[in-house]
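Let's take a friendly walk through the aromatic residues of this model and the strands around them. Have a look at the structure first.

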Amino acid sequence: MATLGTATAALGACAPGGEVPEERGQTAVYQGVSTILLDTDMVSFSVAMTGAKDRADVEAYGRCAAAQYALDQGFGFARQVRTIVTKKGRTWYGDAVYLISASLPEGLRTVDAEVALTECDELGIPAK
């Protein structure tokens, strides 16, 4: 099971409006998630944010969105297929594709949706 990891631990506690204070005095602003169903079990999540430290913060945002979507659809797990992260100016963009499933899928980049959402909540990362 993959966890959000220590890369996002520096984000700290949740603040109002989807903003999370960072160690460097910047504020992470989560600008929303766009979801596209690619197949019955394959979903694309596009996320955008400012104030990310690095690509790991953007990947964590996509992982939180995938975990929430999996639970919303009655599934408990997801497996990351790929995530593409780009940055334009101060805005970071993530394009993540996940397979959702009822049972733990094979692979190295698996997500237990309930565990991931607990971590997302603790780190102040919104799932939508």
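In this predicted model, Tyr-30 counts as buried, because its relative accessibility of 9% falls under the 20% cut-off. Tyr-61 is buried too, with a relative accessible area of 0%. What do these two rings do together? Tyr-30 and Tyr-61 form an aromatic pair, and since Tyr-30 sits in strand β2 and Tyr-61 in helix α1, the pair ties together parts 31 residues apart in sequence.

Another aromatic pair is that of Phe-45 and Tyr-98. This one links distant parts of the chain, with Phe-45 in strand β3 and Tyr-98 in strand β5, 53 residues apart. Phe-45 is buried at a relative accessible area of 1%, and Tyr-98 is buried at 0%. Together with Tyr-69, Phe-45 and Tyr-98 make one aromatic cluster. The structure holds three aromatic pairs; here are two of them.

| Pair | Centre to centre | Between the planes | Geometry |
|---|---|---|---|
| Tyr-30 and Tyr-61 | 4.8 Å | 70° | edge-to-face |
| Phe-45 and Tyr-98 | 6.2 Å | 70° | edge-to-face |

Now to the core. The largest nonpolar core has 30 residues, and Phe-45, Met-49, Val-58, Tyr-98 and Ile-125 have the most contacts inside it. Helix α1 gives the most to this core, with nine residues.

Finally, the strands. β4 (residues 77-88) pairs with β5 (residues 91-101) in the antiparallel sense over eleven bridges, and Thr-83 has Ala-96 as its bridge partner in β5. In the hairpin of β4 and β5, Gly-89 takes a positive phi near 65°. β4 also pairs with β6 (residues 110-112), again in the antiparallel sense, over three bridges; there, Arg-79 is the bridge partner of Thr-110.

Note on methods: Residues are numbered from 1 along each chain as its sequence is written. This is a predicted model: local features need pLDDT of at least 70, side-chain atom pairs count only at pLDDT 80 or more; totals for chains, interfaces and linings use all residues. Side-chain values use heavy atoms; hydrogens and water are left out. Two strands pair if DSSP finds at least two bridges between them. Helices (H or I, at least four residues) and strands (E, at least two) are DSSP runs, numbered from the N terminus. A nonpolar core is a set of buried Ala, Val, Leu, Ile, Met, Phe, Trp, Tyr and Cys residues joined through side-chain atoms within 4.5 Å. Buried means under 20% relative accessible area, exposed over 50%, partly exposed in between (1.4 Å probe, protein chains only). Rings of Phe, Tyr and Trp (its six-membered ring) pair if their centres lie within 6.5 Å; planes under 30 degrees apart count as stacked, over 60 as edge-to-face and the rest as tilted.
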